[in-house]
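Hi,

Here is the structure I said I'd send over.

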Amino acid sequence: MSIPPPPGPRGPYPQGPYGPQQPQPAWGGPYGAYPRPAPVNGVAIAALVLGVLCFVPAVGLVLGLVALRQIRRRGERGKGLAVAGSVLSSVGLVLWAVSLSTGAAADFWQGFRDAAQGEGTAYALSEGQCFTTPSGSLQGVAYDVDVVPCAEEHDGEVFAAFDLPGGSFPGDDEITRSADDRCYALQDTYAMDRWALPADVDVYYLTPTRQSWGLGDREVTCLFGNTDEQGTLTGSLRNDARTLDPHQVAYLTGEGALNRAMDEVPEAESVEDDFPAYGVWAGQVSEALRHEVGVLRRHDWPAGSERQVAALIEDLDAAREEWGEAARATDVDAYYEHYGKGFDLIEADTTVTARKALGLPTTPPDYGEDGGDGGAGTGMEV
């Protein structure tokens, strides 16, 4: 009985004149199209790029993990790229953590600010510069600004900047409180004469965000702006030693002490609501008047204003005594009596005549209830 041969090609291939003949590939003959290789996953490429750049390591890590999942599901190429991007991003995250704990992030932020100088960003703003915003409003302004001459129409004028203490992010409310307190205190160093501030001007500030704080941003920028959201300013509001004569500076230095004391009025609406606090405040005003009188007496005034300033000194000295009596008052009625006399002496006509003799504005600020008080309202974060 014969056994059939096994299936498939038999015994040695027949020899032809051109040597052994090889079987044709299963995908076609020698003239067929070659198979196309699987495409490289685009997310893997992005993960590698971000991992190399290292400034957004968290994003690179996430993209690397997403790419590995897509590669397994779709049969694409690029596994090595995804793994490399994930590894580099993980290293980047470690470096960021170390930099935040060692202060390197602050150095990075300072380098970023230095690079931004002169590039039309809010980080480039410095004291004395005026700027416009794309929206024409200070509300919600971010970083895109155009510096313009203060003589032209503008949205804001920077009058000071300061750094907050380091440490963990204190919270938006605490940053706002610090900015409000410091910016109002600093406005007098740039605009010494509050009588010269228009009624529709108030204090605004640019503050760090939680995100920028993590990169080392600690700077608060103080600026003047119009209380009308769409309003503008024209002309610089600077009045200090750069723009005033020595006699005007001496007068405003003394008056500034009184202004700052008056700003400390208690939050209670009436003396009856917080009599002790009002007593402390009266003592602060009396001390500020003592300081102002001392400054005015020590200065050598020109002949054209000497008599007027002397009359003002007399009224201010009397006001100092009345405010001192108010601070020592033991009941509300006595407080009101001395407070009223002291306040009237501060607002006496001698203030206007002295200012006129020195060439300073003679119209008192309009302390209205709408917040447009020429610098004594509530600052606004932008």
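Starting with a cysteine pair: Cys 130 and Cys 150 are both buried. Keep in mind that this is a predicted model, so everything below is computed from predicted coordinates.

Those two cysteines are joined by a disulfide, with an S to S distance of 2.0 Å. The torsion about their S-S bond comes out at about 95°, so this disulfide is right-handed. Cys 130 sits in strand β1 (residues 130-132), while Cys 150 is in the loop between β2 (146-148) and β3 (153-154), so the bond ties together parts that are 20 residues apart in sequence.

How many disulfides does a search of the whole structure find? It turns up 2. Besides the pair above, a disulfide joins Cys 183 to Cys 222, again listed at S to S 2.0 Å. Here the torsion about the S-S bond is about -75°, so the disulfide is left-handed. This pair links distant parts of the chain: Cys 183 belongs to helix α5 (residues 172-190) and Cys 222 to strand β6 (residues 219-226), 39 residues apart. Both Cys 183 and Cys 222 are buried. If you number the bonded cysteines in sequence order, the pairing reads 1-2, 3-4.

Next, a proline. Pro 208 is found in the loop between β5 (201-206) and α6 (210-214). Is Pro 208 buried or exposed? It has a relative accessible area of 2%; with under 20% as the cut-off for buried, that makes Pro 208 buried. Leaving aside residues up to four places away in sequence, Pro 208 touches Leu 164, Ile 175, Trp 213, Asp 217, Arg 218, Glu 219 and Val 220.

Last, a helix pair. Helix α7 (residues 246-262) packs with helix α11 (residues 349-358) at an angle of about 155°, and their axes are 10 Å apart. That angle makes α7 roughly antiparallel to α11, and the crossing of the two is left-handed. Which residues meet there? On the α7 side you'll find His 247, Gln 248, Tyr 251, Leu 252 and Glu 255, and they meet Thr 351, Arg 355 and Leu 358 of α11. Sorted by class, the contact of α7 with α11 has 3 nonpolar, 3 polar and 2 charged residues.

Cheers

Technical notes. Residues are numbered from 1 along each chain as its sequence is written. This is a predicted model: local features need pLDDT of at least 70, side-chain atom pairs count only at pLDDT 80 or more; totals for chains, interfaces and linings use all residues. Side-chain values use heavy atoms; hydrogens and water are left out. Axes are lines fitted to C-alpha atoms, for helices over the stretch in contact, and angles run from 0 to 180 degrees between N-to-C directions. Helices (H or I, at least four residues) and strands (E, at least two) are DSSP runs, numbered from the N terminus. Angles under 35 degrees count as roughly parallel, over 145 as roughly antiparallel, 65 to 115 as roughly perpendicular and the rest as oblique. A crossing is left-handed if the near helix is turned anticlockwise from the far one by less than a right angle, and right-handed if clockwise. Contact means heavy atoms within 4.5 Å. Ala, Val, Leu, Ile, Met, Phe, Trp, Tyr, Cys and Pro count as nonpolar, Asp, Glu, Lys and Arg as charged, and the others, Gly among them, as polar. A disulfide is a pair of cysteine sulfur atoms within 2.5 Å. Buried means under 20% relative accessible area, exposed over 50%, partly exposed in between (1.4 Å probe, protein chains only).
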